[in-house]
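The questions below go through salt bridges, helix packing, surface and backbone in turn. Each answer ends on the value or name asked for.

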Amino acid sequence: MLLYALLFLGIISLWWHWRARDRMKVTNLMGKYIFITGCDTGFGNTAAKIFDKKGFRVFASCLTETGAKELKAVTSRHLQTVLLDVRDSDSIKKVAAWVKAEVQSEGLWGLVNNAGIMGPSVPTDWLDIEHFREPIEVNLIGLINVTINMLPLIKKAKGRIINVSSVGGRLAFSGGGYFPSKFGVEGFNDSLRRDMKAFGVKVCCIRPGLFKTALSNPAKIMKEKEVIWNKLPPDIKMQYGEEYFQKDAEKKQKLSEICLNEDISPVVQCMEHALTSLHPRAHYVVGQDAKLFWNPLSKMPAIIQDFLLLQNRADLAVSHAK
């Protein structure tokens, strides 16, 4: 009995120590420079507004002039917007040079790689290589390219790099380029974290579940799928069946309604912890769906993953499995 009591007290002590360590903050962060990609909408837009209010000097990159103007209209004079397409290497180099001139010897405290797109999420045999290329170029190659160009400024400040991945970087729910791109982000994040440790740079990965953002817009997702379905050759449509598209969409919509997190602030809170904590976490799993279902499922054997994920797919007109 005494052994169990000591074990219980030991676990409580470790937990208490971890909580106290987790709450320790870096001092003198007021006025530090941070660069955030993908600030037109969603996580990046909200993060830029919040970090601006908290006293950071924010460089917010947007894809569109409209997004940049709307963000600038509701933030302080300290926040600066810049147009950036992370697929464009020349644009990235120019923006990195501009940031370098702005921060000078202080360096860049934080880089938040948030820009991303979903791309079509349908069976692989519905797609061509271009459907894979765009998500991979934006979500992975663009993220790496921005990081490489900003890295000297981050190293100078001994700052932080926050890469926004996804639970889809640990578990592929469907075909398409999104999931390979996020698996790539996870691999890049892990190697970068180890590479930068000797320089005092902390690298963190955020894995959101399904949140209500432009990426999860059901009408847009449905439209993309419908366009692809309508262009499929007759033999592929025959294999799946004419009713497959609608039945599968209904299943996906039901799951989305169950899993969707309406409030995106927890993701921004994880970004803030990664930027301000003395001991930021290597990984942040965000969202009730991610914590209770997707993340645990990602650690289970493939046979269990396959069984559960395939429950969310419509049956083919004729089974081809043997």
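Q: Which side chain meets Asp248 in a salt bridge?
A: A salt bridge is a side-chain nitrogen of Lys or Arg within 4 Å of a carboxyl oxygen of Asp or Glu. For Asp248 the N to O distance is 2.9 Å. The partner is Lys252.

Q: What are the ground rules for these values?
A: This is a predicted model, in which local features need pLDDT of at least 70 and side-chain atom pairs count only at pLDDT 80 or more, while totals for chains, interfaces and linings use all residues. Residues are numbered from 1 along each chain as its sequence is written, and side-chain values use heavy atoms, with hydrogens and water left out.

Q: Why are Asp248 and Lys252 separated by about one helical turn, and in which helix?
A: Helices (H or I, at least four residues) and strands (E, at least two) are DSSP runs, numbered from the N terminus. Asp248 and Lys252 are about one helical turn apart because they lie four residues apart in one helix, residues 244-259. That helix is α9.

Q: Is Asp248 buried or exposed?
A: Buried means under 20% relative accessible area, exposed over 50%, and partly exposed in between (1.4 Å probe, protein chains only). Lys252 has 21% and is therefore partly exposed. Asp248 has 8%, so Asp248 counts as buried.

Q: Which residue forms a salt bridge with Glu134?
A: The closest N and O atoms of the pair are 3.0 Å apart. The pair links distant parts of the chain, 47 residues apart: Glu134 sits in helix α5, its partner in the loop between β3 (80-83) and α4. The partner is Arg87.

Q: Which residue is linked with Arg87 and Glu134 in a network of salt bridges?
A: By the salt-bridge rule the count comes to ten. Arg87 and Glu134 belong to a network of such bridges.

Q: At what angle do helix α4 and helix α5 pack?
A: Two packed helices are described by the angle between their axes and the distance between the axes. Axes are lines fitted to C-alpha atoms, for helices over the stretch in contact, and angles run from 0 to 180 degrees between N-to-C directions. The axes of α4 (residues 89-103) and α5 (residues 129-157) are 10 Å apart, and the angle is about 25 degrees. Angles under 35 degrees count as roughly parallel, so α4 is roughly parallel to α5, at about 25 degrees.

Q: Where is Gln104 found?
A: Phi of Gln104 is near 50 degrees, a positive value in a residue other than glycine. At 56% relative accessibility, Gln104 counts as exposed. Its place is the loop between α4 and β4 (110-113).

Q: Where is the place of Asn28?
A: Asn28 is not a glycine, yet has a positive phi of about 60 degrees. With 67% relative accessibility, Asn28 counts as exposed. Asn28 lies in the loop between α1 (2-22) and β1 (33-36).

Notes
Parallel < 35°, antiparallel > 145°, perpendicular 65-115°, else oblique.
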